[in-house]
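Try each task yourself before you read its solution.

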Amino acid sequence: MSAVVEVRGLVKRFGLTTVLEGVDLDVAEHDVVCLIGASGSGKSTLLRCINGLEPTNSGTVVVNGRQVIQDDIKLNRLRRDVGIVFQAYNLFPHMTVLDNVTLAPRKVLHLSASDADARARPLLERIGLADKADEYPDRLSGGQQQRVAIVRALAMQPKLMLFDEITSALDPELVNEVLLMMRQLAEEGMTMIVATHEMGFARDVASKVCFLHEGKVLEEGPPSKIFSSPQNERTAEFLKRTLDAGRM
Amino acid sequence: MAALRASHTNNNFLVAFVVAFPLGVFALWFGRRAETRVVDRDGPEKDEQLARAARRVAVAGITLGAMLAIGLGIWSAWTGLEDVQEIFFSPEHLGDSAGLVSGWPASGPIFEGFLLNVKIFVVAEILVLVWALVVALVRDMPGRAAAPLRWLAIAYVDIFRGLPAIITIYLVMFGLPITQLPGMKEGEFFGPDASFLGFDQVEMLGIFALVLIYGAYVAEVYRSGIESVHWSQRAAAQGLGLSRGQSMRYVVVPQAVRRVIPPLMNDFIGLQKDTALLNIAGVFEGFAAASNYANNNFNLSSVTGLGICFIIITIPMTRLTDYLVKRGRQRTQAAFA
Ligand SMILES: Nc1ncnc2c1ncn2[C@@H]1O[C@H](COP(=O)(O)OP(=O)(O)OP(=O)(O)O)[C@@H](O)[C@H]1O
Ligand SMILES: [Mg+2]
C-alpha cells in the first residue's frame, strides 16, 4: 500500500494563535482516517492545509507524492485528485444541480458537455436525485444538498476525499442518509480523511482514528483501541464527554 | 401665489375632498375604538365586524382624500397658471420642437438630438460594463507582483469618483484633442477625422469621458458584489480544482453580477442623464438642441419635452431591473424559503 498523504511537523498559525503545532499524519491507500477532537482543535484547518486551501507556516504536506506548496499551478494539479466536502455544502446557488456537478469536469478536465453529463447522471441516480438535476440547490433539503456536494466532488474521480464535518449542519433525521453514502464510499475503497463528531461512524468505518487536541495529534490508532482503551487521559476525557452528550 | 379659479370642476373636487377625507379620519378613530374594545376587553363579535368595516372605510376615505387633494392641486395649478402652462408645456412648441408637426416619424432637432443621447449612452454603458469589471478584477488580484496594478486601479477609482463629471468631461474633450498624445493625430483612432460606429471625434471623446467617470463608479459596485460572495464559495470552487481565474469567472462573478444589478441600474440612469453634459463641449445632443430652440423661440417647452423623454426611457430600465431581480430569486430560491 502506498502513502496517499504524508504530513510531517505541520505548523499553522493564524496571526498570533498557533492552530496546528507540529502535526504528523500518514494516510495509505484505501484508508479511512477519522479526525476527532473538540471544537477548535484544528480539524478543519488540517484538512484545508492538505489540499492547499490554507498556506502553512512550516512542516511538509505530501499528497500523492507531490508536495503541497502555495503555487497556483501545482495546487490546481493537486486538487484534481483531492475532493473536499464542507460542513455548509457550499453548492453554487446560481447553477442547477447538474451544472454544479459538471462544472469542474467540464472546465478542469475539459470534458464535453455530453461527456460530463454522462458522468454526472449516474452519480445523481445513485443518490436518488436524478429528477432534481435541473433544480437549483436552494430547493433541496440539507441532506440532499450535502449528497449533491459529495457527488460534485466525486465527479472529478478523486483519489482522496476530504470530509469536513459534513453532517454537522444537518437535521438529525437527515444525518443517516449522508453517513450511509460515506460508508458506501469507504466500502468501495475510497481513501478518505473525515473530520467528524459522529463517533459511531468513526468506530464502525475508520481504519484509523486520530485525536487532535490543541493543534497536536495526541493519540492515533485503530478505532477498537482508541474507543475501548484510550492511552492518553485527554482522549479518555474527550470520549467520555462526547459519550455523555449522546453522540455515540 | 396664483388665484384659484373656482370652476365647476374645482367645486366638485372640493366637495368630494371635504367629504372623503374627514370621513376617513373619523372611520379611523371609530375603528380604533371598536378594535380596542374587542382586543382589550374581549368585546362582542359585532364590534369586531364593526372595527373591520371601519378600517376599510378609513383606508378608502383617506386614500381618496389624498388623491383628490393631489388632483386638486395639479388641476388648479394647470388652469390657474396659464402662463406656466404656456412657458413649460406649450403644445405648439412641444410638437414643433419635437418635429411632430412635420409628421411622423419625428425628425425635429430635439428628437434627433435625443437619439444621439441614446446612442451615446448605449455604447457607453456597454463599454462601462466591461471596463469596470476589468478594474474591479485588477483591484482583486492577489500577490505582491500585482501590487502596482492594484494601486493604479485604486488611484483611478479615487480620482474619477471624486472629480465632478463636468470637469472630467471638460478636460477630456477640450484637452485631449490639442495634445499630441498617441491616437490623437490625424488618421488615428481619436484623431480629428475619426469616425467609429457613426460617432465623430467629439462624440467619441465624450463617450470616452463618460466611460472614465462611470467606470470608476461601476468598478466599486462590482467590487462590493464580488466581496459579498462568501469566501466559502471560492474555497469550494478551488477545492474542485478550478483555478483562481476559473473560480472567479464561473462561480464568483456570476453571483456578484446578479447581486449588483439594482445599484448598477442606478449608475446607468445617472450615465443616461449625464449624456446631456456633453453639450458643453459641442456635442449637439438633445439638450443642446432643446435649449437652442428655447432661446430662439423664447419658450422652454422644448426643454420640458426633452426632460420627459429622459424620464420615460428610465422607466423600462427600472421595470427590467425589477424583473431580472425577481426572476433570479424565483429561479434559485425555494418558494417559501
Ligand atoms: N481564518 C481564520 N483566521 C483566524 N483563526 C482561525 C481561522 N480559521 C480557524 N481559526 C482558528 O483556528 C482554530 C481551529 O479551527 P478549526 O476550524 O480548524 O477547528 P475545528 O477542529 O475544525 O473545530 P470545529 O469542530 O468547531 O469545526 C480555532 O481556534 C479557530 O478560531
Ligand atoms: Mg471544523
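**Exercise 1.** How do the residues of the shell around ligand 1 divide into nonpolar, polar and charged?

*Solution.* A word on the ground rules: this is a predicted model, where local features need pLDDT of at least 70 and side-chain atom pairs count only at pLDDT 80 or more, while totals for chains, interfaces and linings use all residues. Residues are numbered from 1 along each chain as its sequence is written, chains are lettered from A and ligands numbered from 1 in the order in which they are written, and side-chain values use heavy atoms, with hydrogens and water left out.

Step 1: list the shell, meaning residues with a heavy atom within 4 Å of the ligand. Among them are F14(A), V19(A), S39(A), K43(A), E165(A) and H197(A).

Step 2: sort them. Ala, Val, Leu, Ile, Met, Phe, Trp, Tyr, Cys and Pro go under nonpolar, Asp, Glu, Lys and Arg under charged, and the others, Gly among them, under polar. You get three nonpolar, seven polar and two charged.

**Exercise 2.** Find out which atoms of S39(A), G40(A) and G42(A) lie close to oxygen atoms of ligand 1.

*Solution.* Step 1: look for polar contacts, here N or O atoms within 3.5 Å of each other. S39(A) uses a polar side-chain atom, 2.4 Å from a ligand oxygen.

Step 1: switch to the backbone. G40(A) has an N or O atom at 2.8 Å from an oxygen of ligand 1, and for G42(A) the value is 3.0 Å.

Step 2: check the cover. On its own, ligand 1 exposes 630 Å² (Shrake-Rupley method, 1.4 Å probe), and the protein buries 58% of that.

**Exercise 3.** Describe the interface of chain A and chain B.

*Solution.* Step 1: count contacts (heavy atoms within 4.5 Å). Here 25 residues of chain A touch 24 of chain B.

Step 1: get the buried area, which is the accessible area (1.4 Å probe) lost when the two parts are put together, summed over both. That comes to about 2200 Å², with 59% from carbon and sulfur atoms.

**Exercise 4.** Which parts of chain A does the pair K159(A) and D81(A) tie together?

*Solution.* Step 1: check the salt bridge (Lys or Arg side-chain nitrogen within 4 Å of an Asp or Glu carboxyl oxygen). These side chains meet at 3.7 Å, N to O.

Step 1: K159(A) sits in the loop between helix 5 and strand 7 (160-164), and D81(A) in the loop between helix 2 and strand 6, so the pair ties together parts 78 residues apart in sequence.

Conventions: Polar contact = N/O pair within 3.5 Å; in protein donor to acceptor, adjacent residues only side chain to side chain. Helix = DSSP H or I, 4+ residues; strand = E, 2+ residues; numbered from the N terminus.
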